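Dear colleague,

Here is the structure I promised to hand over. My notes on its ring pairs and helix contacts follow below.

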Amino acid sequence: MNIETVFNDNSLYTTKSFKLFTLEDNKYEYNEETAKEMIEYLGLDTDKIITRCNECKKEFPFDVEKKCIGFLSDINETTNYMQVTTNFSNAPSGRIDMNGGKIWGGMPPYPEKNLLSYNKWYIEYQFTCNNDSNHRYLMILSIEQKKDTFIIKKVGQDPSMLDVHGFDFDKYKKQLEKLKAYDDYKKADLSNADHFYVGAYAYLRRVFEKMLNKYIKDNNVTLEDEHVDTKIKSVKEYFDPRIKDLLKNLYSILSKSIHELDEEKSKNYYQYLKAVIDMQLEFEYTEDEKNNQSKQLNSILNKIVNEIK
């Protein structure tokens, strides 16, 4: 995995751990190969990534600039170091060179008591679109040392992954606002993009329930009971004909309690629910467009008739 993947695919607060030290006989040995893997993951040698520009609406190369925060640097500021030990045995502190992962200063193995128990650094990335230098993205990663293990976390990104990937919330805004479900629909995709699948499922289920309730109210439907399967049967004629046969199976998904779901099940259920809801929203959107066109044509034809009388 590289920094391009971290930016394009990793949601906020995604973490990856690297165990750089191993305790043997009360001393810490250093794993330089693992350190190189961590540095490669951080993309400190990366000058360009390819991603979608949300302003240009296309993929382009982006130049990468990095700002290291909290690191030590050499006198010429040509490299950055992470201090990982205290001073010991008349030796300066041990430092990891972020250019290649080598150790400078006090050399390992390190006495157990001298390896720092906690430290934290940040790297700020600015990405500039090669098609238009005014289009810029920002990402921040934290590096947290917990004794022998270094944890990298994506703690900031602007614009959001949804904006970068071009999620269009506004196409169905009119239809969703009629349901009073626009915020629920948006939060569903935001939660799903951040890998919070139980939350995404909950928001999307709320959209579907509001859809059912609106069809019941608008068409003065009388229900025998408040069960979801009863509601579906009573209003299925108002759904896109292509998904009528899907609604029965949909009930078995909707009837699941949130407390019964784990993240993997919620993820799978979400995709199915999202597809059904989007098809219905597209159906309503198309019907609204047809109605608008019909009204416009009617108005024009009336005007023509009046002119030729």
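Y110 is buried, since its relative accessible area is 0%, where buried means under 20% relative accessible area with a 1.4 Å probe and protein chains only. Please bear in mind that this is a predicted model, in which local features need pLDDT of at least 70 and side-chain atom pairs count only at pLDDT 80 or more, whereas totals for chains, interfaces and linings use all residues. Residues are numbered from 1 along each chain as its sequence is written, and side-chain values use heavy atoms, with hydrogens and water left out.

F21, likewise at a relative accessible area of 0%, is buried. Ring pairs, counted when the centres of Phe, Tyr or Trp rings (for Trp the six-membered one) lie within 6.5 Å, link F21, Y28, Y30, F71, Y110, W121 and F150 into a cluster.

The structure holds 16 aromatic pairs. In one of them, F7 and F127 have ring centres 4.9 Å apart and planes at 50°, so the pair is tilted, that is, neither stacked (under 30 degrees) nor edge-to-face (over 60). F7 belongs to helix α1 (residues 3-9) and F127 to strand β11 (residues 118-129), so this pair ties together parts 120 residues apart in sequence; helices (H or I, at least four residues) and strands (E, at least two) are DSSP runs numbered from the N terminus.

Turning to the helices, F208, L212, N213, Y215 and I216 in α6 meet V228, K231, I232, S234 and V235 in α7, contact meaning heavy atoms within 4.5 Å.

Best regards

Conventions
Buried means under 20% relative accessible area, exposed over 50%, partly exposed in between (1.4 Å probe, protein chains only).
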